[in-house]
Amino acid sequence: MRTVYQSTDDLGHTLRALKLSKEGHNNPVYLGLVIHDREVLFRTRENSSREFVLQKIKEFVAVNSPTLNAQPA
């Protein structure tokens, strides 16, 4: 297992993509995680590509992050 992407957004979420490779297998599996305060909020496991996993992570964060319009003035 190897971290291929890690970042933290403005809300304190850790966005992480891991590459999982089994010995003797040519095709890796990518695991995407969104973590906040040691709690996994989102997890995806894909065979396609690192970019696809990152896109799924970004979509989750975009849908679930609060918008400025929803906050009271």
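Strands here are DSSP runs of E spanning at least two residues, numbered from the N terminus. The structure is a predicted model.

Four strands build an open sheet. Their order is β1-β2-β3-β4, and the pairing is antiparallel. β1 (2-8) and β4 form the edges, each pairing on one side only. On average, neighbouring strands of this sheet are turned by 15° against each other, with direction ignored.

The pairing of β3 with β4 can be followed in detail. These two strands run antiparallel and are joined over seven bridges. Within this part of the model, Ile35 stands opposite Val40 in β4. β3 covers residues 29-36, and β4 covers residues 39-46.

A loop lies between β3 and β4, and Asp37 is located there. Arg38 has its place in the loop between these strands as well. The backbone of each residue deserves a note. Asp37 is not a glycine, yet its phi is positive, at about 50°. Arg38 is likewise not a glycine, and its phi is positive at about 65°.

Asp37 has a relative accessibility of 68%, so it counts as exposed, the cut-off being over 50%. Arg38 reaches 85% relative accessibility and therefore also counts as exposed.

Key:
Residues are numbered from 1 along each chain as its sequence is written. This is a predicted model: local features need pLDDT of at least 70, side-chain atom pairs count only at pLDDT 80 or more; totals for chains, interfaces and linings use all residues. Side-chain values use heavy atoms; hydrogens and water are left out. Buried means under 20% relative accessible area, exposed over 50%, partly exposed in between (1.4 Å probe, protein chains only). Two strands pair if DSSP finds at least two bridges between them. Axes are lines fitted to C-alpha atoms, for helices over the stretch in contact, and angles run from 0 to 180 degrees between N-to-C directions.
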